[in-house]
Amino acid sequence: MAFRNIPTVLTAEEIINKAFRNSSKITINDREHFYWVRNTAMARVQAVSQTIDAVLLKYVEAFPSFDRLHPFYYELAELLIGVNPTKKSLGGIDWCRKQVAAIASKHLSQMRKTRNESTIEHLRESAYGRIASVVKQLAPDLEFLNKVRNEIRKIPTVDTVAPTIVVAGFPNVGKSSLVKLISSATPEIAPYPFTTKGIHVGYFEHRWVRYQVIDTPGILDRPLEKMNDAERQAMMALKNLANLIIFIIDPTGHCGYSPEEQEGLMETVRKTFKVPVIVVENKSDISKTESDRPKISTATGAGADVIVKEALAIMRKDMPKMEAIRDDHMIL
Ligand SMILES: Nc1nc2c(ncn2[C@@H]2O[C@H](COP(=O)(O)OP(=O)(O)OP(=O)(O)O)[C@@H](O)[C@H]2O)c(=O)[nH]1
Ligand SMILES: [Mg+2]
């Protein structure tokens, strides 16, 4: 996924200046003064039009084709930037490219027909003026696309085909600590809720298979409409990427949320996502409940290996089914 490779989108003013600057360096020598003037003027108009076209085409090609995106990326793009406004602005670029090409071609054909030097100069100025005015009309779209570019770069690259464990739960329960313990990810860990604000991805290998582990922002037990952007991102990862969910409960209350609230969310997750859910109780170094759920401590590492083993056993059993589901997904 090449979200990170989208170049900075220049402003309309910058594009115009760049094109005019490039073209002003061009001179086509000819022994006959008239041809020298005409060919130079024509080459300059052509260069302005070509420079603008090349810059704009680069943007259109660098942005993803949203309709072909994997659902995870599509939904995240929708949340972060809004897909339709982006498509509209990209459409604006197409419109501008066509206009610029048409203005250039019309003026060039008129320049070809005349033998009058001052008409040539007049036509060149008129082409420049009209092209600049069309590009200026694109200013709001270019500004918006640059904002989109800065947002879209934050979308993490995920492996849409690797078997994937998504770690979820209330804020501050130790999700990032577990992901760090069992995978290559290095998420931030801190003693306050909503430390993790986006999706973080790590991997581990087992018997030559690469497994993906995804750390998610904490979710509160509330309806989707009430959720903030961080919580929504967690829901999107659960919905579109998880082959298995590890749901962490902190029964000690150190996270700042009651076990009852966390149980409520756990039930919602179980009902909403049709993949196996392993429920684990964390922070066993502080205190343990009497429940028969697996207990871990990401602080000491106790119990984490047992959870990974269980997750692997379930996923390896489900592997053929997962492949069938993945085949249904469109992948960029
Ligand atoms: N004593 C103890 N503290 C833990 C354990 N696991 C995590 N913590 C602490 O709990 C706090 C939150 O840990 P994180 O891993 O950041 O929790 P999180 O669920 O990712 O939090 P958010 O990203 O804010 O949702 C940190 O202060 C950790 O040091 C554990 O097993 N035992
Ligand atoms: Mg976290």
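This report walks through a predicted model of one protein chain with two ligands, from its overall form to a few single residues.

## How to read the model

Residues are numbered from 1 along each chain as its sequence is written, and chains are lettered from A and ligands numbered from 1 in the order in which they are written. Because this is a predicted model, local features need pLDDT of at least 70 and side-chain atom pairs count only at pLDDT 80 or more, while totals for chains, interfaces and linings use all residues; side-chain values use heavy atoms, with hydrogens and water left out.

## The overall form

The protein chain has 10 helices and 5 strands. These are DSSP runs numbered from the N terminus: helices are H or I with at least four residues, and strands are E with at least two. Along the principal axes, the C-alpha atoms fill a box of roughly 100 × 40 × 30 Å.

The radius of gyration of the protein chain is 28 Å, whereas a compact globule of 332 residues would have one near 20 Å. That radius is taken over C-alpha atoms, and the globule rule is 2.2 Å times the number of residues to the power 0.38. Of the 332 residues, 48% count as buried. Here buried means under 20% relative accessible area, exposed means over 50%, and partly exposed lies in between, using a 1.4 Å probe and protein chains only.

## Around ligand 1

Ligand 1 has 23 residues around it, and Lys175, Ser177, Thr195, Thr196 and Thr298 come nearest. A residue is near a molecule if one of its heavy atoms lies within 4 Å of it. By class, this shell holds 10 nonpolar, 10 polar and 3 charged residues. For these classes, Ala, Val, Leu, Ile, Met, Phe, Trp, Tyr, Cys and Pro count as nonpolar, Asp, Glu, Lys and Arg as charged, and the others, Gly among them, as polar.

Several N or O atoms of the protein make polar contacts with the ligand; such a contact is a pair of N or O atoms within 3.5 Å, and within protein one must be able to donate a hydrogen and the other to accept it, with residues adjacent in sequence counting only if both atoms are side-chain atoms. Polar side-chain atoms of Ser176 and Asp285 each lie 2.8 Å from ligand 1, Ser176 from an oxygen atom and Asp285 from a nitrogen atom. From Ala299, a backbone N or O atom lies 3.2 Å from an oxygen atom of ligand 1. Taken alone, ligand 1 exposes 650 Å², and the protein buries 86% of that. Accessible areas come from the Shrake-Rupley method with a 1.4 Å probe; for residues, only the protein chains shown count as cover.

## The magnesium ion

Ligand 2 is a magnesium ion, and its protein donors are Ser176 (OG) and Thr196 (OG1), lying 2.0 to 2.1 Å from it. Ser176 lies in helix H7 (residues 175–182) and Thr196 in the loop between H7 and strand E2 (200–206), so the pair ties together parts that are 20 residues apart in sequence. Both residues are buried. Donors are N, O and S atoms within 2.8 Å of the metal (3.2 Å for Na, K and Ca); water is not among the atoms, so sites may look incomplete.

## Buried residues and their partners

Helix H2 (residues 33–62) holds Ala41, which is buried at a relative accessible area of 3%. Ala41 and Ile28 are 13 residues apart in sequence and 8.6 Å apart in space, C-alpha to C-alpha. Ala43 is also in helix H2 and counts as buried at 17% relative accessibility.

Pro156 sits in the loop between helix H6 (139–152) and strand E1 (164–169). Pro156 and Arg4 are 152 residues apart in sequence and 9.0 Å apart in space, C-alpha to C-alpha. In helix H5 (residues 117–137) there is Arg124, buried at 13% relative accessible area. The side chain of Arg124 makes a polar contact with that of Glu121 at 2.7 Å.

Most residues other than glycine have a negative phi. Arg207 has a positive phi of about 45 degrees, and Trp208 has one of about 65 degrees. Trp208 lies in the loop between E2 and E3, where Arg207 is also found. Arg207 is exposed at 57% relative accessible area, and Trp208 is exposed at 81%.
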